[in-house]
Amino acid sequence: MILKGEYPFSLLLSSIIYLILFVYSFRFRQKPQFVYFVVLMVLMSSQGLFSIFELTGGSLEDKLFWRNVQQIPLYLSPVMLLGMIMSFVGTNSKAIVRRLTILIFIVVIYWILLFIDSHTHLIRLTVFLEDFQGTQRIEMTRTPLGYLFLALNKAMGLWTLTLLLMHYRKVVGMQRTQHILLVIAVVSPFFFPELAGLIGWQAGVAEAMLPSGLLLFYALFVYNFLQVSPIVKEKVLENMTEGILIVDEKHLIIDANPAAHSIIQSVGGDYKLKGTYITSLMASYPALQALYDSKEQGEVEIESVGIHLWIRQVSIQMSGKRTGSLVIFSDITQRKTYQNELIHQSNVVKEQALELKQSHSQLEQAYAELSKVDEDRRRLFSDISHELGHPITSIQGYIRGMIDGVISESKTEYLHIVYEKTLYLQRMFHDLMELARIESGQIQFNKKIIDLGPFLRELVDRYRWDIEDSGIDFVYDEGVPANSYHAEVDPDRIEQVFCNLLFNAKKFTPGGGRITIQTSISIDKTGCFVVAMQDTGSGVAEADIPYLFERFYQVYKGDRKGSGLGLAIVKGIVASHGGYVGVHSIVGEGSRFFFGIPVSSISAPEQGEVWHAE
């Protein structure tokens, strides 16, 4: 002991250090061991002060009083140390309180017996003074009961040491370093006085406990260890459905809750987690390995043997330094199943909605078609009534005149008129029935693939005499290249279209006029072989052009030789072949009617098979 004027400054310094540790430990008051530690520091600081009072006492009675007072912190300190280590190793808090209460009760009995010992002598047999570094302190001989209480004091230290050694087997990594520091802190009071004696220094109790206090403070509060508070572990982690792994900076799993064992085992992992390296669990999961290697907070989803896991990593920082990771596992298999089922049901609903939309569209289309059919039917009946009205009225008038004698039966010209009217009705009914079959799709087309060039030249040659015999110049202008243009058509129906347009042009072209047949390949509708008939007739007014291909429409209303259905039949036949019809006309200059037929193939003709227009 270092003394100056026989004053024990080393004991005073020890008491001050204990007080500094007491104040500084309030920074860590959230730690479960905080309460035990601060009480221990107060007791040890008091122990040093009481030792000073004993050494500086002037009489035996004064020294004995302060020696008795020292027994309060001397016997209560092991109790606080035991409670601190119990809390550290995870002993149930209620069990800690129960055990410490029993020990404190025994210590209180010892204190009572100690202060009445001058009358009972149950603790001490004799009391005397011994030299202690230039001064004197109390020494004694104990009774068996006194030795029993002393043994209790030492037993509490051994109990504390046993708890640490037993718990040491359950920890891994740097937590073992923490346990070693705590073991040294527990055993140092037993060996420190002997070590000090080797260098000739007599250390008091407060001085012998100083290394222990410093090690306890360092191991519990200063050094950054990864550990879970026993209360948190018991009340929270053990009951969580999510798996929790605590990993140190060396990738060693230092703690795992039961849910983690269950989840890892479900995907075929090793049931033993604590003390193994987490990298061994990630070998088969590159995404998880990448997340862990990033050392950043993040999450990833993996699938193994039909089990879906959501994994989150949280970096653990202590004093600005990364000391490990918290890895959280959640089994989301059921949620994924529900999610997939919802997606499936959503897709089914979408498909059903699409089907309903298509059905609705089809119904609307069918309704529109039925409406059109109904409208066509009403219009057809109206047109028929209108078209039949004039010839029937004429026939009735002539016949009534013959019956009434107004028209003489000898006047056969009237019978010719009636006959012409009946022929008109016959033509109209024939054309009307044919148009109805075409528009309803009931007519059968005998389609075959033909070469359109030779076919058209044959038609021109076949009807050339009929046109030229009427004094009309007939010209064929083959404007397409000398290739073979093949199309799948019904030759008879295409000839019908050709004749209808040709004789329609003849009908309105006066003698001395000209009809020109032209062929070309459509530019606007690529792939169509176009046949056009240009006449030098009277032409059609622009207002009449949109209605030319409607049934019963006639430009010259007084002309009843035609049924008014020819151009409508032409349009129906060409449309059934996938083609189109059209007309350009200028009044006083003539008209140009044309139709286009889709070409199925084009090939160059063999040598000697090139046809030229005549």
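Tutor: Of the 614 residues in the chain, 43% are buried. Please keep in mind that this is a predicted model.

Student: How many helices and strands does the chain have?
Tutor: The secondary structure comprises 16 helices and 17 strands.

Student: And what is the accessible surface of the chain?
Tutor: The accessible surface comes to about 33400 Å², and carbon and sulfur atoms account for 59% of that area.

Student: What share of the contacts with a separation of 6 or more comes from residues 24 or more positions apart?
Tutor: Such residues account for 63% of those contacts.

Student: Which residues does UniProt place in the feature "transmembrane region"?
Tutor: The unreviewed UniProt entry places that feature at residues 6-26, 33-52, 72-89, 96-116, 147-168 and 180-202.

Student: What is the secondary structure of residues 96-116 in the model?
Tutor: That span is 95% helix and 0% strand, and its end C-alpha atoms lie 31 Å apart. For residues 147-168, the span is 100% helix and 0% strand, with end C-alpha atoms 31 Å apart.

Student: Which residues form the nonpolar patch on the surface?
Tutor: The patch is formed by Phe65, Val108, Ile112, Phe115 and Ile116, which together have about 420 Å² of accessible area. Helix H4, residues 93-115, contributes the largest share, namely three residues.

Student: Where does Phe65 sit?
Tutor: Phe65 is located in helix H3, which covers residues 60-89. Its relative accessibility is 43%, so Phe65 counts as partly exposed.

Student: Changing topic to charges. How many salt bridges are there in the whole structure?
Tutor: A search of the whole structure finds eight salt bridges. As background, side chains of opposite charge can pair when their charged atoms come close.

Student: Which residue forms a salt bridge with Arg137?
Tutor: The partner of Arg137 is Glu130, and the closest N and O atoms are 2.9 Å apart. Arg137 is partly exposed at 23% relative accessibility, and Glu130 is partly exposed with a relative accessible area of 23%.

Student: Is Arg464 buried or exposed?
Tutor: Arg464 is buried, because its relative accessible area of 17% falls under the 20% limit. Glu468, by contrast, has a relative accessible area of 38% and is therefore partly exposed.

Student: What about Asp473: which side chain does it meet in a salt bridge?
Tutor: Asp473 meets Arg514, at 3.3 Å from N to O. This pair links distant parts of the chain, 41 residues apart: Asp473 belongs to strand E11 (residues 473-478) and Arg514 to strand E13 (residues 514-521). Asp473 is partly exposed at 34% relative accessibility, and Arg514 is partly exposed at 43%.

Student: Which residues are linked in a network of salt bridges?
Tutor: The network links Glu458, Arg462 and Glu495.

Student: On to cysteines. How many disulfides does the structure hold?
Tutor: The structure holds zero disulfides. Cys499 is buried, with a relative accessible area of 14%, and Cys528 is buried as well, with 7%.

Student: I also noted Gln444. Where does it lie?
Tutor: Gln444 lies in the loop between helix H13 (412-440) and strand E10 (448-451). Gln444 is exposed, because its relative accessible area is 68%, over the 50% limit.

Student: How far apart are Gln444 and Asp490 in sequence and in space?
Tutor: They are 46 residues apart in sequence and 9.5 Å apart in space, from C-alpha to C-alpha.

Student: One last item. What is the phi of His121?
Tutor: The phi of His121 is near 55°, which is a positive value in a residue other than glycine. His121 is placed in the loop between helix H5 (117-120) and strand E3 (124-132), and at 45% relative accessibility His121 counts as partly exposed.

Note on methods: Residues numbered from 1 in each chain as written. Predicted model: local features only at pLDDT ≥ 70, side-chain atom pairs only at ≥ 80, totals over all residues. Heavy atoms only, no water. Patch = residues over 30% accessible without salt bridge, like charges linked within 9 Å, V, L, I, M, F, W, Y side chains within 5 Å. Areas by Shrake-Rupley, 256 points an atom, 1.4 Å probe, with all protein chains shown as cover. Salt bridge = Lys/Arg side-chain N within 4 Å of Asp/Glu carboxyl O. Helix = DSSP H or I, 4+ residues; strand = E, 2+ residues; numbered from the N terminus. Buried < 20%, exposed > 50% of the residue type's maximum accessible area, 1.4 Å probe, protein only. Disulfide = S-S within 2.5 Å. UniProt positions renumbered as here; feature names shortened; annotations may be inferred. Contact = heavy atoms within 4.5 Å.
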